[in-house]
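Morning, everyone. Please look at the structure on the screen, and I will walk you through two spots.

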Amino acid sequence: MLDLSRLRALHAVSVHGSVAAAAAALGYTPSAVSQQIAKLERETRTTLLERRGRGVALTEEARHLADTAQELLAIVERAETTLEERRGQPSGLLTVAAFASAARGLVPGALADLARRHPALDVRLTEVDPHLSVDLVARGVTDLAVAHDWDIAPLPAPEGVEQAVIGDDRCDLVVPADHPFTRRAVIRRADLGGERWVCQPPGRVCHDWLVRTLRTAGFVPDIAHVAEENHTIVALVAAGLGVAVVPRLGTGALPPGAVAVPLEPGPVRRLYALWRTGAARRPAITEAVRTLQEHWAYASPRPGDLPSVRGGADAARQ
């Protein structure tokens with residue numbers, strides 16, 4: 001009889017591509033995952049992992065076994081969903097994946113609320129890229145994901161994955177406090193030529209939005225600085241090194257030296273919750289989605305959460 005926890009470990013290595021990444025997703029140590037795979041190799045009398053440089057790769061037999069493991073895990077999920085549905089209360093383990101600013105600005109309050117109202121529910125959060133999280137849900141690695149899309153890049157929802165809108169996160173043009181834009185009532189996209197930009201790396205949605213939008217307006221953006229985190233981007237703007245488009249969620253109040261100015265039309269990214277169709281009846285899923293939407297209603301950033309043109313400039317002079 002194959003052990004389900006060991007099959008789960010193999011499946012995680014297949015999905016994430018390494019023992020270390022699988023361990024992080026499962027909440028184990030890499031040593032524990034390696035031990036599970038070694039035991040599974042002994043049980044099946046089959047080599048499952050091969051050394052490739054500094055990492056490992058699944059053998060052909062392991063890939064077939066990982067596919068079977070995914071089917072078995074889906075069956076287990078349906079059984080757990082039925083039991084939880086019959087109890088009528090959210091319970092058991094619920095794994096959640098969320099992108100960085102949601103993991104900072106929205107999810108903590110929602111998870112704390114869930115823990116308070118449903119002590120039998122054990123929610124575990126992992127911070128991941130929004131588009132990676134969709135695949136993690138589809139593969140059964142995580143139960144629920146909080147992801148986002150922009151108008152230029154709709155969020156793909158593969159077959160077997162359902163989604164619900166959480167809310168819209170508006171973005172601001174953030175400039176140094178002494179920038180000429182701070183003396184204007186409205187900034188149009190046609191005004192953005194000739195600026196030095198701070199943005200996220202290529203391949204990230206924010207970067208792609210900036211490049212496509214400015215090219216549509218007739219400019220090639222001069223990207224002077226690249227950073228992963230919005231807080232780092234804002235710090236570079238505050239130092240006078242460029243301008244940036246920054247989502248409000250998870251950013252908080254701007255530091256002295258950085259000012260948010262109105263950009264028209266302003267970019268908006270939409271937040272979604274995603275889960276597998278097979279788990280749609282699970283009370284833990286429906287309650288978590290409802291709680292995320294509820295928290296967005298009063299936690300979503302509004303224009304006053306970032307310094308206005310006047311307020312930011314005043315703060316920079318203090």
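The largest cavity is lined by V198, C199, Q200, C206, H207, L210, N230, I233, V245 and P247. Two or more of these lining residues come from each of β8 (196–199), α8 (205–216), α9 (230–238) and β10 (244–247). Helices (H or I, at least four residues) and strands (E, at least two) are DSSP runs, numbered from the N terminus.

The model is predicted: local features need pLDDT of at least 70, side-chain atom pairs count only at pLDDT 80 or more, and totals for chains, interfaces and linings use all residues. Numbering starts from 1 along each chain as its sequence is written, and side-chain values use heavy atoms, without hydrogens and water.

What counts as a cavity? On a 1 Å grid over the protein atoms alone, it is a set of points where a 1.4 Å probe fits but cannot get out; lining residues have an atom within 4 Å of a point.

Which element gives the largest share of the lining? That is α8, with 3 residues. By class, the lining has 7 nonpolar, 3 polar and no charged residues. Nonpolar means Ala, Val, Leu, Ile, Met, Phe, Trp, Tyr, Cys and Pro; charged means Asp, Glu, Lys and Arg; the others, Gly among them, are polar.

Now the helix pair. The axes of α2 (residues 19–26) and α3 (residues 30–44) come within 8 Å and cross at roughly 105°. Therefore α2 and α3 are roughly perpendicular to each other (65 to 115 degrees). Axes are lines fitted to C-alpha atoms, for helices over the stretch in contact, and angles run from 0 to 180 degrees between N-to-C directions. V19, A20, A23 and L26 in α2 meet P30, V33 and S34 in α3, with contact meaning heavy atoms within 4.5 Å.

Definitions and conventions
On a 1 Å grid over the protein atoms alone, a cavity is a set of points where a 1.4 Å probe fits but cannot get out, and a pocket is an open set with protein on both sides within 12 Å along at least five of seven lines; lining residues have an atom within 4 Å of a point. Angles under 35 degrees count as roughly parallel, over 145 as roughly antiparallel, 65 to 115 as roughly perpendicular and the rest as oblique.
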